[in-house]
Amino acid sequence: MTRHSPNREAERLLALSEKVGRVAESLAELALERDTLERTNPSSETDVTGEMVDWLIRARRARVRYVPAGLFGEPVWDIMLHLMHAEITHQCISESSACLASGCSEGIGRRWLNAMVKNGLVVVGRGPNDGEEQVELIPEVSRSLRRYFRDIVEDR
C-alpha cells in the first residue's frame with residue numbers, strides 16, 4: 001500500500017476546489033442571464049400558443065388507444081390544461097365544462113374542481129354574459145403552466 005504525500009493530496013483538493021468554484025460561477029452567470037432575459041423579454045411569459053396546449057391535450061387523450069383509459073387519472077392536470085387553452089384562446093369556461101374536462105363524471109369533476117379552488121389553483125366567479133359560474137386559473141398557476149410549455153412542450 002502506498003502512502004500519498006500530504007502535499008500531493010492538498011494540491012489535488014485545491015485543484016478540485018478551483019474546478020468546483022468555476023462550475024459554480026458558470027451556473028451563477030447562467031442563472032443571471034436567464035433572469036435578465038425574462039425581465040427584458042416580457043413576451044417570454046406569453047409565447048405559449050393555443051396549438052401547443054391543444055397538441056398536449058390531444059396527445060393525452062390519444063393514450064387510451066394504447067393503454068386502457070382506467071389506468072390514467074390526472075383530473076386536476078386535465079382541468080388545468082383545459083383552462084390554459086381557454087385563457088390563451090380568450091374563451092370563458094363554465095364550471096360544468098371544467099368538470100367535464102377532468103375526464104370524470106361531472107360529480108367527481110366538481111369535487112376535483114372544489115379541491116382546486118380550496119388549494120388556490122383556480123377561481124370561480126360569475127361570467128360576464130349569462131351569469132353562469134366561470135372558472136379561471138390564478139395568475140401564478142397560469143405563469144407556471146406557461147413556463148412548463150415553454151420549457152417542455154415547445155421542444156417536442
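Which helices each supply at least two residues of the lining of the largest pocket?

A: The model is predicted, so to speak of local features a pLDDT of at least 70 is required, side-chain atom pairs count only at pLDDT 80 or more, and totals for chains, interfaces and linings use all residues. Residues are numbered from 1 along each chain as its sequence is written, and side-chain values use heavy atoms, with hydrogens and water left out.

At least two lining residues of the largest pocket come from each of α2, α3 and α4; helices (H or I, at least four residues) and strands (E, at least two) are DSSP runs, numbered from the N terminus. A pocket is defined on a 1 Å grid over the protein atoms alone, as an open set of points where a 1.4 Å probe fits, with protein on both sides within 12 Å along at least five of seven lines; lining residues have an atom within 4 Å of a point. The volume of the largest pocket is about 340 Å³, taken as the space filled by probe spheres set on the points, which are joined across faces, edges and corners.

Its lining comprises 18 residues, and Arg-61, Arg-63, Asp-78, Ser-102 and Gly-103 lie nearest the centre. Helix α3 gives the largest share of that lining, four residues. By class, the lining holds nine nonpolar, four polar and five charged residues; Ala, Val, Leu, Ile, Met, Phe, Trp, Tyr, Cys and Pro count as nonpolar, Asp, Glu, Lys and Arg as charged, and the others, Gly among them, as polar.

Val-122 touches, among others, Leu-83, Leu-113 and Leu-137, when residues up to four places away in sequence are not counted. Met-84 lies 9.9 Å from Arg-143, C-alpha to C-alpha, although 59 residues separate them in sequence.

As for confidence, pLDDT is the predictor's confidence in each residue, from 0 to 100. The chain averages 79, and 72% of the residues score at least 70.

How values were computed: Contact means heavy atoms within 4.5 Å.
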